[in-house]
Amino acid sequence: MKRLIWSAAIVLATLAGLIVLLQFRLALVLFLLSLATAAAVRPATDSLVERGLPRGVSILLVYVAGLLVLGAFLYLISAPFLKELQQATDNFVHTYEDIKSNWPQGTTFQQFVASQMPPPDDLYKAIAGERGSMLLQNIVGMAQGFMVVVGQFFIILVLSVYWSADRVHFERLWLSLLPAERRAHARRIWRELEQGVGAYIRSELAQSPI
């Protein structure tokens, strides 16, 4: 009977753990990403510390440099994207007006297609009217989604700064949950794992086309 109760308790605890994990999966993902980010930048901060800079200053310099590089990249890719978008819009308008003006004198199929197309002015009014409001709602939704992603990015950034600045305290905190005789071995495994993850991220960034 005790064994059955114990087994049922384990099953219930496992299910409860899975439910909690599903409820807080976003927070867990952000937490893990912040740890990975801290692991990726740690060699750079440690290098500056070895050169005589305070750790806080080293962390600030590394993260500011990273943000400047990311901002420069986004700026460089935004200009061509906006240019291509404007070009695509202009091409659509020119093609539509060309079809509407020339196809009525073309083949039977072209004449049929042209007769089904509304005049350009009516099309533009429709886009600016009810359909335009739907388009505006979609744009607002995309903007809101983008701001959520930006907010999550800064959460990851702030947490990774915290882990970088207070690594020893964080390690002591979670290692205190283990028996004393296992802490040294667990710390060694943790740091090897952290170094491996950081090296992998730096390698992927170095090999990326950006």
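**Entry 1: the model.** I'm working from a predicted model, so I keep that in mind for everything below.

**Entry 2: the fold.** I looked up the secondary structure first. The protein chain has eight helices and zero strands. Reading from the N terminus, I get α-α-α-α-α-α-α-α.

**Entry 3: burial and surface.** Next I checked how much of the chain is tucked away. Of its 210 residues, 16% count as buried, where buried means under 20% relative accessible area. The chain exposes about 16000 Å², and carbon and sulfur atoms supply 70% of that area.

**Entry 4: contacts.** I took the contacts between residues at least 6 apart in sequence, and 53% of them join residues at least 24 apart.

**Entry 5: the cavity.** How many cavities of 30 Å³ or more does the structure hold? I found one. The volume of the largest cavity comes out at about 40 Å³.

**Entry 6: the lining.** Which residues line the largest cavity? My list reads Leu-35, Arg-42, Trp-163, Arg-167, Phe-170, Glu-171, Trp-190 and Glu-194. Helix 2 (25-50), helix 7 (167-175) and helix 8 (180-207) are the elements that each give two or more residues to this lining. Helix 7 gives the most, with three residues.

Entry 7: I sorted the lining of the largest cavity by class. There are four nonpolar residues and four charged ones, with no polar residues. Among the lining residues I noted Arg-42 and Glu-194, which are of types that count as charged.

Definitions and conventions: Residues numbered from 1 in each chain as written. Predicted model: local features only at pLDDT ≥ 70, side-chain atom pairs only at ≥ 80, totals over all residues. Heavy atoms only, no water. 1 Å grid on protein atoms, 1.4 Å probe; cavity = no way out; pocket = protein on both sides within 12 Å on 5 of 7 lines; lining within 4 Å. Points joined across faces, edges and corners; volume = space filled by probe spheres on them. Helix = DSSP H or I, 4+ residues; strand = E, 2+ residues; numbered from the N terminus. Buried < 20%, exposed > 50% of the residue type's maximum accessible area, 1.4 Å probe, protein only. Contact = heavy atoms within 4.5 Å. Areas by Shrake-Rupley, 256 points an atom, 1.4 Å probe, with all protein chains shown as cover.
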